[in-house]
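Reader: I would like to go through this model with some care, one side chain at a time. Could we begin once it is displayed?

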Amino acid sequence: MLLLSGPNMGGNELKYVSECITTGWVSSVGAFVDKFEKVTAEFTGAAHAVATSSGTTALHTSLVMLGTGSNDLVIAPNITFIATINSIKYTGASPVLIDVDKDSWQMDLDLLEEFLEKETEIRDGNCYHIASGKRIPVIMPVHVLGNMCDMDRLMALTSKYHLTILEDSTEALGSFYNGKHAGTFGLMGTFSYNGNKIITTGGGGMIVTNDDALAKHAKHLTTQAKADPFEYFHDEIGYNYRLVNVAAAMGVAQMEQLPDFLKRKKEIIEYYKSQLEGVGDITFQKVIQSVNPNWWMPTIRTGKQKEILEKLNSNKMQSRPLWIPMNKLPMFERDIFYQHQDNSDFLYQRCLSIPCSTNITISELKAVSDKIKECF
Ligand SMILES: Cc1ncc(COP(=O)(O)O)c(C=O)c1O
């Protein structure tokens with residue numbers, strides 16, 4: 001099977017993991033955790049990076065630190081991986097799901113603005129949802145598939161409506177907006193190192209922030225909130241959300257190769273575009289000029305989605321539709337979904353991601369493109 005986006009472990013992974021095993025530093029502390037955090041902070045330009053056990057736990061920890069709770073609503077796009085919305089629910093809060101833009105597939109900022117204008121009010125420096133009386137402290141933009149929305153406009157809106165930004169940049173390691181890295185626009189940003197991401201640690205995540213106190217708190221909360229170096233004194237309810245040293249060792253080796261992986265992802269999307277753009281009704285994600293995306297997961301939009309999915313998967317070329325829109329899942333169907341034309345459903349019916357592992361060969365890319373062309 002040609003994997004959709006599989007790991008590429010061609011660097012120092014084995015060497016660094018062996019080092020953990022031979023020295024015995026395999027578990028929750030170790031030099032690779034510190035190093036992985038340091039290189040991530042350097043690469044993204046964030047002042048701090050705190051490693052976590054997954055992207056999901058990075059999001060949950062961040063929301064806990066922002067004090068999100070059961071009287072709150074958190075704004076997020078309706079097209080995302082479930083972990084974004086689950087992390088909101090873990091805190092007792094509920095999502096306000098905003099429909100996405102048909103072309104960029106990111107949260108639709110016109111709709112967001114309309115929602116904030118018509119449905120919220122500012123009281124005592126906080127944004128409140130008028131109908132439910134709930135506070136809206138946080139917005140979670142998701143950089144869907146490594147693309148980004150107009151961040152200048154988003155920042156202006158969030159500052160007008162007193163919303164704190166927590167970026168779900170789990171898919172956007174290596175994506176930049178006017179030279180600034182994804183995840184560094186909000187008070188906090190998060191990354192995921194799940195097996196299909198642009199770099200992987202098997203499983204893992206990261207919180208980045210420029211705020212010294214939040215970084216310290218994130219480390220504390222993700223390591224059981226132990227407040228005494230000797231005694232088991234814990235000063236708040238913490239979590240075992242730490243990344244183990246053996247995973248961080250892989251992360252350090254993967255970060256060394258990230259520039260090459262990014263180059264490769266660009267070559268892959270350029271190849272697919274050269275082969276498929278203009279074939280039938282195929283289009284790709286629209287990227288605005290300020291954005292330099294990581295092209296983590298090349299995905300096409302076409303009315304022939306089902307036919308192509310069937311053709312590729314039956315030819316052992318792994319291909320997947322976009323996520324089912326969040327408002328269609330049973331746990332979230334009673335939450336607010338703000339939309340005009342349900343672009344989420346439009347995209348769900350049409351988009352499919354195609355094989356794009358960084359070690360895919362040109363002949364494999366050609367074979368995938370040819371199979372897709374056969375459907376037209
Ligand atoms: C948009 C989005 N949010 C959150 C996550 C959760 O990350 P993880 O799988 O590392 O928990 C992922 C990836 O899996 C994701 O794609």
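Reader: Is Ser-353 buried or exposed, and at what relative accessibility?

Author: This is a predicted model, in which local features need pLDDT of at least 70 and side-chain atom pairs count only at pLDDT 80 or more, while totals for chains, interfaces and linings use all residues. Residues are numbered from 1 along each chain as its sequence is written, and side-chain values use heavy atoms, with hydrogens and water left out. Since buried means under 20% relative accessible area, exposed over 50% and partly exposed in between (1.4 Å probe, protein chains only), Ser-353 counts as buried, at 5%.

Reader: Which side chain does the side chain of Ser-353 join in a polar contact of 2.8 Å?

Author: Contact means heavy atoms within 4.5 Å, and, leaving aside neighbours within four places in sequence, Ser-353 is in contact with residues including Leu-4, Gln-318 and Thr-299. A polar contact is a pair of N or O atoms within 3.5 Å; within protein, one must be able to donate a hydrogen and the other to accept it, and residues adjacent in sequence count only if both atoms are side-chain atoms. The side chain that Ser-353 joins at 2.8 Å is that of Thr-299.

Reader: How many salt bridges does the structure hold?

Author: A salt bridge is a side-chain nitrogen of Lys or Arg within 4 Å of a carboxyl oxygen of Asp or Glu. One of them pairs Glu-37 with Lys-219 (2.7 Å, N to O), where Glu-37 counts as buried at 10% and Lys-219 is partly exposed at 31%. The number of salt bridges in the structure is 14.
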